[in-house]
Amino acid sequence: MVMVLASTVVIAVLPLVFILGTLIVKGAGSLSATFFVASSVPAGQTGGGVGHAIVGTLVIVGMACLMGLPLGIGAGIYTAEYPGTRLATACRFVADVMNGTPSIVIGVFAWAWIVARQGHFSAYAGSVALAILMIPMVMRTTEEMIKLVPHSLREAALALGYPRWRATLTVVLRTALPGIVTGTLLAVARVAGETAPLLFTALGSQYFSLDVSRPMAALPLVVFTYATGPYQEWHRLAWATALVLIIVVLVLSLAARLATRQRYQRN
Amino acid sequence: MTEPDSPAPPRHPPALERKSYGDRIFKGMLTVAAVGLPVLLGFLVFELFAGSREAIARFGFGFVTSSTWDPVAEQFGAWPLIFGTLMSAALALMIAVPLSLGVAIYLTEFAPVRLRQPAAFVIELLAAIPSVVYGLWGIFVLIPVLKDSVFPLLQSVLGFLPFFQGPIYGPSMLSASIILAIMVMPYIMAVSREVLLAVPASQREAALGLGATRWEAVVTTVVPYARSGLIGAVILGLGRALGETMAVTMLIGNRHEIAASLFAPGYTMAAAIANEFSEAVTDIHLSSLAYVALLLFLITVLINAGARLLIWRVSRGTTAGSRVL
């Protein structure tokens, strides 16, 4: 019986091996300097790259962080600092609801809120959607990490005459910072790979662009367009783009997990 | 005669008495952020209702039961989408639940200690792979294998069942369910692992002390103790499976029909939104898709609330599940 259980582990790990293996076999050959720099070329031509999508992902995710992190971390500090209040309970409940909301629904929301009102697709509408996805994740980690900080540290700071805000910011938050950074990195890794919320907000684009009020390319959108398109050349590029995307995502989440693990071992 | 001296009011140290402006500003800013979340959710619900108002007014609740989806005639009914969503999620769970519970039990109870962390870590990495990459892999690797060898084999063995009859398509309900199973497995595994770890050691020790083998201890004590938490983990996985979009869109074949055969294409709510939203031209089409989004939102909220309640009952006070999900 135990052998049967052990075999489930093997079956569970196989897909990861297969997926990473295929990505490397089919994608690595197409990676070149031009691939990282060039924008896409019209259908039918060979060559081209995903430079525009790499920049697009950086811009869209960067703006999402600017919007989502202050809100998420702020709400997380609030729920940890004033845990018994009704607002804190409501906040936790809402975060759980939003965490379980399908990302495509968030996309529809961002579309209705921004795109439909303005009448055009825009990169920042995509950023808003990704920010909404990040907020609950960041909030929950911030709260957890602050709760792990020993109470004696806060008391020591208060006993020295620090006002509460200084004690929280300079002592409690600083102690919890590595954990919060980890949670943030995981959230960034997750939203960087999201396609559904960007489909009808950032829309995607073939051209290099830094104008956030216009459609912008992103790596996951490129993978989707190329994978579902009819051309052999597109499929080749889809594999290479997916390889780039997964390297970005896995590096972010590996870094995040290794950072926490070291921290736990030190304590 | 004078009143006896009333006791002096307790004197706080100045630092606690002082209402610092810094504190007020700090609390004010935090409160703004904390209020922002419920406001955002309320706004989300409002926008979904506002967006689907036209479709709700026109089709009412019949939208859920009608099977016509005809943008040209402006007739919309979401039953095939709802059916496809539930069907693909149910099939995915049938595959994923035994596997992920097996892994979780093995990793918490039986595996060599050195193996536990790394194996759990690798499986959690599966959760980090973007949905669109699963879709890409599904289209070009999984579907050819399924279509050429697995599906014909299934048909020859189980062909007497209506689910395995008829022509074999590559993009189909079963292909989508298989990729979905691979995708929700890490979530179910991670949460049920945390639930099992939350079972007190005394429970195991009591069973072992009564002479049970390790396997018997797991079956008779650990799993029953964690039962509601495990069910919660499965329901959280269900929530994920219902809302999963990209990989399903790429693999399910996208046809507004209900077929008995699992080899035939289907459609899900999320996939329909993803495919049609940016191409919809009429207001009523957009509104119907927003209605679908609203229904999907309501279904997932209900399911997640139930799951949280169950998990909370086992791991009271701890936050099992919050970290991963």
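Reader: How do you know how residues and chains are named, and which parts are counted?

Author: Residues are numbered from 1 along each chain as its sequence is written, and chains are lettered from A in the order in which they are written. As this is a predicted model, local features need pLDDT of at least 70 and side-chain atom pairs count only at pLDDT 80 or more, whereas totals for chains, interfaces and linings use all residues.

Reader: What makes Thr101(A) buried or exposed?

Author: A residue is buried if 20 or more other C-beta atoms, placed from the backbone, lie within 10 Å of its own, exposed if 12 or fewer, and partly exposed in between. Thr101(A) has 23 other C-beta atoms within 10 Å and is therefore buried. Thr101(A) is found in the loop between α4 (86-100) and α5 (103-118) of chain A; helices (H or I, at least four residues) and strands (E, at least two) are DSSP runs, numbered from the N terminus.

Reader: Which residues does Thr101(A) touch, and what makes two residues a contact?

Author: Two residues are in contact if their C-beta atoms, placed from the backbone, lie within 7 Å. Leaving aside residues up to four places away in sequence, Thr101(A) touches Ile106(A), Phe297(B) and Thr300(B).

Reader: What makes Glu74(B) buried or exposed?

Author: With 12 C-beta neighbours inside 10 Å, Glu74(B) counts as exposed. Glu74(B) sits in the loop between β1 (69-70) and β2 (75-76) of chain B, and has a positive phi of about 60 degrees although it is not a glycine.

Reader: How do you know that helix α9 of chain B is short of a straight helix?

Author: The expected span of a helix is 1.5 Å times one less than its number of residues. Helix α9 (residues 214-243) of chain B has 30 residues, and a straight helix would reach 44 Å, but its end C-alpha atoms are only 38 Å apart. α9(B) also bends by about 65 degrees at Arg227(B), where the bend is the angle between axes fitted to the seven residues ending there and the seven starting there.

Reader: What makes a set of residues a nonpolar core?

Author: A nonpolar core is a set of buried Ala, Val, Leu, Ile, Met, Phe, Trp, Tyr and Cys residues joined through C-beta atoms within 7 Å. The largest nonpolar core has 199 residues, and Val292(B) is among the members that touch the most others. Helix α7 (residues 173-197) of chain B gives the most to this core, with 18 residues.

Reader: How many residues of each chain take part in the contact between A and B?

Author: The contact takes 68 residues from chain B and 68 residues from chain A. On the side of chain B that touches chain A, helix α2 (residues 21-59) of chain B gives the most, with 18 residues.

Reader: How do you know how confident the predictor is in chain B?

Author: pLDDT is the predictor's confidence in each residue, from 0 to 100. Chain B has a mean pLDDT of 87, and 90% of its residues reach 70 or more. Over residues 319-325 of chain B, however, the pLDDT is below 50.
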